[in-house]
Amino acid sequence: MVGMSPLFRRGGAAKTPKARVVTLIGKPGCHLCDDAEEVVAKVCGELGVVWEKKDITRDEALHKEYWEQIPVVLVDGEQHTFWRVDEGRLRRELAG
């Protein structure tokens with residue numbers, strides 16, 4: 001039997017904060033990246049969201065895609081923001 005599309009399952013569309021993953025893409029020595037990390041760590045810590053940090057200097061594909069935008073924040077693999085991370089906006093996205 002084929003499963004029902006997630007779009008038609010009740011409650012399947014919304015993710016709880018604990019089911020989300022935030023990725024911070026940056027590089028060492030970037031003051032905006034340091035600022036972004038503080039916000040991401042705070043919000044994710046308070047909401048219980050898993051987060052990871054990726055270094056564009058160690059990943060050629062990330063470097064090609066994001067080098068002009070760092071820091072970049074992805075939520076569940078999709079770009080949420082770049083340069084400056086707004087704490088309230090990130091919190092709303094993750095709690096939503």
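The model is predicted: local features need pLDDT of at least 70 and side-chain atom pairs count only at pLDDT 80 or more, whereas totals for chains, interfaces and linings use all residues. Residues are numbered from 1 along each chain as its sequence is written, and side-chain values use heavy atoms, with hydrogens and water left out.

The chain contains three helices and four strands, which follow one another from the N terminus in the order β-α-β-α-β-β-α. Here helices (H or I, at least four residues) and strands (E, at least two) are DSSP runs, numbered from the N terminus. Of the 96 residues in the chain, 31% are buried; buried means under 20% relative accessible area, exposed over 50%, and partly exposed in between, with a 1.4 Å probe and protein chains only. Among contacts (heavy atoms within 4.5 Å) with a separation of 6 or more, 65% join residues 24 or more positions apart.

Helix H1 covers residues 31-47. At 1.5 Å a residue, its 17 residues should span 24 Å, and the end C-alpha atoms are 25 Å apart, which agrees; the expected span is 1.5 Å times one less than the number of residues. Just after H1, Gly48 has a positive phi of about 75°.

Which residues of H1 are buried? They are Leu32, Cys33, Ala36, Val39, Val40, Val43 and Cys44. Seen down the axis of H1, these buried residues fall within an arc of 125°, so they line one face of the helix; the arc is that of the directions from the helix axis to the C-beta atoms. An α-helix has 3.6 residues a turn, so residues three or four places apart point the same way. The face turned away from the buried side carries the exposed residues His31, Glu38 and Gly45. The buried residues of H1 pack against strands S1 (21-26), S2 (50-55) and S3 (72-75) and against helix H3 (87-95).

The largest nonpolar core has 13 residues, of which Val22, Val40, Cys44, Val73, Val85, Leu90 and Leu94 touch the most other members. A nonpolar core is a set of buried Ala, Val, Leu, Ile, Met, Phe, Trp, Tyr and Cys residues joined through side-chain atoms within 4.5 Å. S1, H1, S3 and H3 each give two or more residues to this core, and H1 gives the most, with five. Apart from this core lies another, of 10 residues, including Cys33, Ile56, Tyr66 and Ile70.
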